[in-house]
Amino acid sequence: MDLNQPPGENYANPRTCFFHVLFKAAALAFYILSALFINNFVILFVVTVFLAALDFWVVKNVSGRILVGLRWWNEINDLGESVWKFESLDQESMARLNKKDSWLFWWTLYLTAVAWIVLGIFSLIRFQADYCLIIGVCLTLSVANIIGFTKCKKDAKKQFQQFASQTIANRFSSTIQSAFSVV
């Protein structure tokens with residue numbers, strides 16, 4: 001490893017990686033530091049939830065697309081049922097995505113949820129139910145992104161497998177047809 005290398009050299013999207021981590025860290029840092037220095041629960045709640053919601057939006061709509069080529073959303077159809085919608089890059093584009101970007105995306109996604117769970121356990125131990133409310137909202141936003149991107153990743157794999165099997169079947173049938181057309 002070259003120590004003279006500028007930081008972020010190995011990342012294809014260093015700015016996106018930076019902001020992906022920054023918004024997560026901002027919500028966590030504000031919660032932790034404000035709990036120590038600010039005695040106003042309303043300010044703590046509003047700012048922490050705002051930062052967590054901003055992180056949720058950035059991950060779902062920006063860094064998810066750029067770093068892992070995935071995007072998800074949920075709609076309610078005319079029957080009142082929840083319908084998941086997924087977008088992913090084509091398989092060729094997905095193969096070109098930077099592995100370090102992807103690694104950073106997934107690990108920070110999971111570690112943020114783990115950090116909120118640990119903070120929730122500390123709040124329960126200290127009998128601070130009001131702080132559990134903040135953590136519950138932030139954890140819900142983190143878990144929603146985990147579930148959405150995990151389902152999206154599975155859907156992208158399923159689409160690729162269907163495409164691959166369909167392509168193989170089409171090639172096989174065209175080979176058979178051309179073999180019989182010769183006869």
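Q: How much of residues 103-125 is helix, and how far apart are the end C-alpha atoms?
A: The span is 100% helix and 0% strand, and its end C-alpha atoms lie 33 Å apart. Helices (H or I, at least four residues) and strands (E, at least two) are DSSP runs, numbered from the N terminus. This is a predicted model, in which local features need pLDDT of at least 70, side-chain atom pairs count only at pLDDT 80 or more, and totals for chains, interfaces and linings use all residues. Residues are numbered from 1 along each chain as its sequence is written, and side-chain values use heavy atoms, with hydrogens and water left out.

Q: Where does UniProt place the feature "transmembrane region"?
A: The unreviewed UniProt entry puts it at residues 28-58, 103-125 and 131-150. Positions follow the numbering used here, feature names are shortened, and annotations may be inferred rather than shown by experiment. Residues 28-58 are 90% helix and 0% strand, with end C-alpha atoms 16 Å apart.

Q: What makes the pair of Y31 and Y131 edge-to-face?
A: Rings of Phe, Tyr and Trp (its six-membered ring) pair if their centres lie within 6.5 Å; planes under 30 degrees apart count as stacked, over 60 as edge-to-face and the rest as tilted. The structure holds nine such aromatic pairs. For Y31 and Y131 the centres are 6.2 Å apart and the planes stand at 70°, so the pair is edge-to-face. Y31 lies in helix 1 (residues 14-37) and Y131 in helix 5 (residues 129-182), so the pair ties together parts 100 residues apart in sequence.

Q: Why is the pair of W103 and W107 called tilted?
A: Their ring centres are 6.1 Å apart and their planes are at 40°, so the pair is tilted. Both lie in helix 4 (residues 99-125), four residues apart, about one turn of the helix.

Q: How do you know whether W103 counts as buried or exposed?
A: Buried means under 20% relative accessible area, exposed over 50%, partly exposed in between (1.4 Å probe, protein chains only). W103 has 51%, so it counts as exposed. W107 has 46%, so it counts as partly exposed.

Q: Why is K60 called buried?
A: Its relative accessible area is 13%, so K60 is buried. K60 lies in helix 2 (residues 41-68).

Q: What makes helix 1 roughly antiparallel to helix 2?
A: Their axes come within 9 Å and cross at roughly 165°. Axes are lines fitted to C-alpha atoms, for helices over the stretch in contact (heavy atoms within 4.5 Å), and angles run from 0 to 180 degrees between N-to-C directions. Angles under 35 degrees count as roughly parallel, over 145 as roughly antiparallel, 65 to 115 as roughly perpendicular and the rest as oblique. So helix 1 is roughly antiparallel to helix 2.
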